[in-house]
Structure formats: structure tokens, C-alpha cells
Amino acid sequence: RAEEVVQFFDVEQSLSHMDWNEAFLRETVQIFLEEYPQILARLRVALDDADARTVKMEAHSMKGAMADLGSTSAYDAAFRLEQIGRTESWRRAYRLRT
């Protein structure tokens, strides 16, 4: 399962962030697989409820994971969601929801 997900990340960038420790990368991907669906679920509920604090918090968590794993596009989306949580720009949030 981790091998399927790793294709979406920049493995070389991830490894460079982790001092080229492949075991640590595998562990990080496994944690990501366990946590990411829960973060997304909480983000969706927070967006539906216009809960800015939770959007900001969960997007920040997601942003950190995306940076570690070298997923630039997902990092950018998480960064935008975090900013939406800070400014409560809900119209922009619904465009990013998907």
C-alpha cells in the first residue's frame, strides 16, 4: 500500500529531508496513510461548518506532512487552506475542497 502512495511524492526530495534514511521514509508514509484520511474528513466537516480554527489547524498538519513527503501540489493546496482558515475566505475554500 505504501508503494502505491509513494508514487505521488518526490521520493528523492523526501529522502533528502530525512537524511537519506529509507526506513524513516517508509515509516513516515505509513503514518501518512493512517492519518491523512482522518485529516481530510476533519477538514471537510470544518469547511461545511465554517469552522476557521479547525480548517487552519488541520491544513497546517497536512502542510507539514506534504512538505516532508515532497508533494508540492498538495503542499500548495494545504497552504491555501491554512490561509483560508486564517482569513475565513469561505468562497475560496469551497473551490479548494475537492
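Predicted model: local features only at pLDDT ≥ 70, side-chain atom pairs only at ≥ 80, totals over all residues.
I looked up Q38 and found a residue that is partly exposed, with a relative accessible area of 40%.

Next I asked where Q38 is found. I placed Q38 in helix α3, which covers residues 22-48. I then checked Q38 against E58, which is 20 residues away along the chain. Their C-alpha atoms are separated by 9.7 Å.

I turned to the whole chain. I counted six helices and zero strands. Read along the sequence, the pattern is α-α-α-α-α-α. The chain has 98 residues, and 35% of them count as buried. I looked up the accessible surface too: about 6,300 Å², with 50% belonging to carbon and sulfur atoms.

Then I went to the core. How many residues does the largest nonpolar core have? I found 22, and M62 and L69 have the most contacts inside it. Helices α3, α4 (52-69) and α5 (72-87) are the elements that give two or more residues to this core. The most come from α3, which gives eight residues.

Last, I checked contacts in the chain between residues at least 6 apart in sequence. Of these, 52% join residues at least 24 apart.

Key
Residues numbered from 1 in each chain as written. Heavy atoms only, no water. Helix = DSSP H or I, 4+ residues; strand = E, 2+ residues; numbered from the N terminus. Buried < 20%, exposed > 50% of the residue type's maximum accessible area, 1.4 Å probe, protein only. Contact = heavy atoms within 4.5 Å. Areas by Shrake-Rupley, 256 points an atom, 1.4 Å probe, with all protein chains shown as cover. Core = buried A, V, L, I, M, F, W, Y, C linked by side-chain atoms within 4.5 Å.
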